[in-house]
Amino acid sequence: MTIPVGSDEREADLALPDDPGAVVLFARDSGSVRRDDRDRIVAHTLHQAGIGTLGMDLVAPYETQARGNLPEVPLLAERLAQATGWLRDQQETRGLPIGYFGEGAGTAAALWAAADVHVGAVVSLSGQPELASERLGDVTAPVLLIVGGRDEAALDGHREAKRLLGGAGNLTVVPEAGGLFEEAGPLGDAAELARDWFKRYLTPKAS
């Protein structure tokens, strides 16, 4: 399907289990979000827990052709907020709690958007929360930051991001994971961490 975003449209995939208790919007800074194996694994884990997912291309293909043409985080956050409004208008998802799952600069977009739009929870997998540092104090949704134990360069930035958050935050290090979570075992662990966080804050009665 396509979702209207400003004067443009973005491709997206909406997947809902029977009687979903919530829906999570995946925020990525690349145009391949819907085909990404990592997202599929995380989405499958969420579906098994009764949580729907919306995978959306925040960045259009033409915007990835040159690094200098990539949109800034505030624009990506605006697109994410518009997609959130679209979800709330759909019959299948109206009234459902909404969460954000971000990777890379998509984490910054998710946190920036969460500073302005009410969502129930945010999870970051190997993201770049420091790109939204100026807005972290306005984020009151519970935030889980997941980082690989072998990604030492990212640890300090994640610790600082957790400190700056305006609401509840948790930093979880997956020991055997690298920066991209390409390892099957650690990725499965991260998917379960995300599932448990969303179940705790989006579907507490079901938990």
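**Entry 1. Cores**

I looked up the largest nonpolar core and found 38 residues in it, of which Leu25, Leu58, Leu80, Tyr100, Leu111 and Val122 touch the most other members. Two or more residues each come from strand 1 (2-5), strand 3 (22-28), strand 4 (51-57), helix 2 (73-89), strand 5 (98-104), helix 3 (105-114) and strand 7 (143-148). I noted that another core, of 23 residues, lies apart from it, with Val42, Phe181, Ala190 and Leu202 among its members. I bear in mind that the model is predicted.

**Entry 2. Leu58**

I then listed the contacts of Leu58, leaving aside neighbours within four places in sequence. Leu58 touches Arg10, Ala27, Arg28, Glu63, Leu76, Arg79, Leu80 and Ala109.

**Entry 3. Helix 1 and helix 5**

I examined how helix 1 (residues 37-48) packs on helix 5 (residues 184-202): the angle is about 45° and the axes are 9 Å apart. Helix 1 is therefore oblique to helix 5. I recorded their crossing as right-handed. Helix 1 makes the contact through Arg38, Ile41, Val42, Thr45 and Leu46, and helix 5 through Leu187, Ala191, Glu192, Ala194, Arg195 and Phe198. By type, I found seven nonpolar, one polar and three charged residues in this contact.

**Entry 4. Ala81**

Is Ala81, at 24% relative accessibility, buried or partly exposed? I class Ala81 as partly exposed, because 24% is not under the 20% that defines buried. Ala81 belongs to helix 2. Beyond four places in sequence, I found Ala81 in contact with Tyr100 and Val117. I also noted a C-alpha to C-alpha distance of 9.5 Å between Ala81 and His118, which are 37 residues apart in sequence.

Notes:
Residues numbered from 1 in each chain as written. Predicted model: local features only at pLDDT ≥ 70, side-chain atom pairs only at ≥ 80, totals over all residues. Heavy atoms only, no water. Core = buried A, V, L, I, M, F, W, Y, C linked by side-chain atoms within 4.5 Å. Buried < 20%, exposed > 50% of the residue type's maximum accessible area, 1.4 Å probe, protein only. Helix = DSSP H or I, 4+ residues; strand = E, 2+ residues; numbered from the N terminus. Contact = heavy atoms within 4.5 Å. Axes fitted to C-alpha atoms, helices over the stretch in contact; angles between N-to-C directions. Parallel < 35°, antiparallel > 145°, perpendicular 65-115°, else oblique. Left-handed = near helix turned anticlockwise from the far one by under 90°. Nonpolar A, V, L, I, M, F, W, Y, C, P; charged D, E, K, R; others polar.
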